[in-house]
Amino acid sequence: MHLGAVGIFALGVIDSSVIPIPLPGSTDLVLLLLTAFRSQSIGSPILFACCAILGSVIGGYITWGAGKKGGEAALERLGKGRFVRRVQGWVKRNGLLSVGLASLLPPPVPLTPFLLAAGALGLSRGRFLISYCTARALRYSVVAWVGYKYGRVVIHFWQNNLKGWGTPILIVYISLLVLGALYGIWKYRSWMRKGK
């Protein structure tokens, strides 16, 4: 939050890449808060949204590239469960649509498996970028508009009516963050053991 446009750009890159973030949808949350707290004019939410879109496109392109370079082996790292097979089947049948929908829908819809599958299963760079950029631009533009239009009203409501809930919500948030990080470390170690 303190880094503003630079922070939302970096978070967008990480959130859409293969680097696991314990809290999915972090970019949406930070973009919402930035546009609510730091928007003095319409130019601020536009800048924040553009930085989130650009960062997300770079991170998504890196993930697509990892899938293209790693091929089917990149998908195997996700596991061999029914979910991975369904993602593969969906991307094979609806490559452009699958990337667009996964990029547009909020968590808990996972993005990384769809981007890896798009690269591994041969969705062309141009088609990938058209679908992904369009969906991300739409998503983050809507989030920035909502934050700019209604963010201050929500903050005012929070300060007047829910002020006492700040500590319990923060504890739950940090707990989820820690649990997500531990799960990510555990999953990474299990992948490494299977690789050996």
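Trainee: Tyr132, buried or exposed?
Mentor: Tyr132 is buried, because its relative accessibility is 0%. The cut-offs are under 20% relative accessible area for buried, over 50% for exposed and partly exposed in between, with a 1.4 Å probe and protein chains only. Keep in mind that this is a predicted model, with residues numbered from 1 along each chain as its sequence is written, and that local features need pLDDT of at least 70. Side-chain atom pairs count only at pLDDT 80 or more, totals for chains, interfaces and linings use all residues, and side-chain values use heavy atoms, leaving out hydrogens and water.

Trainee: Okay, and how many aromatic pairs are there?
Mentor: Four aromatic pairs come out of the count. One of them is Phe128 with Tyr132, a stacked pair with 5.4 Å centre to centre and 10° between the planes. Rings of Phe, Tyr and Trp (its six-membered ring) pair if their centres lie within 6.5 Å, with planes under 30 degrees apart called stacked, over 60 edge-to-face and the rest tilted.

Trainee: Which residues do ring pairs link into a cluster?
Mentor: That cluster holds Tyr61, Trp64, Phe128 and Tyr132.

Trainee: What about Phe128, buried or exposed?
Mentor: Phe128 is buried too, because its relative accessibility comes to 0%.

Trainee: Where do Phe128 and Tyr132 lie?
Mentor: Both are in helix α8, residues 125–161, and they sit four residues apart, about one turn of the helix. Helices are DSSP runs (H or I, at least four residues), numbered from the N terminus.

Trainee: Why is the pair of Trp145 and Tyr150 called edge-to-face?
Mentor: Their planes stand at 90°, so the pair gets that name, and the ring centres are 5.7 Å apart.

Trainee: Switching topic: which residues of α3 meet α7?
Mentor: From α3 you get Gly60, Thr63, Trp64, Ala66, Gly67 and Lys68. On the α7 side they meet Thr112, Leu115, Leu116, Ala118, Gly119 and Ala120. Contact here means heavy atoms within 4.5 Å.

Conventions
Helices (H or I, at least four residues) and strands (E, at least two) are DSSP runs, numbered from the N terminus.
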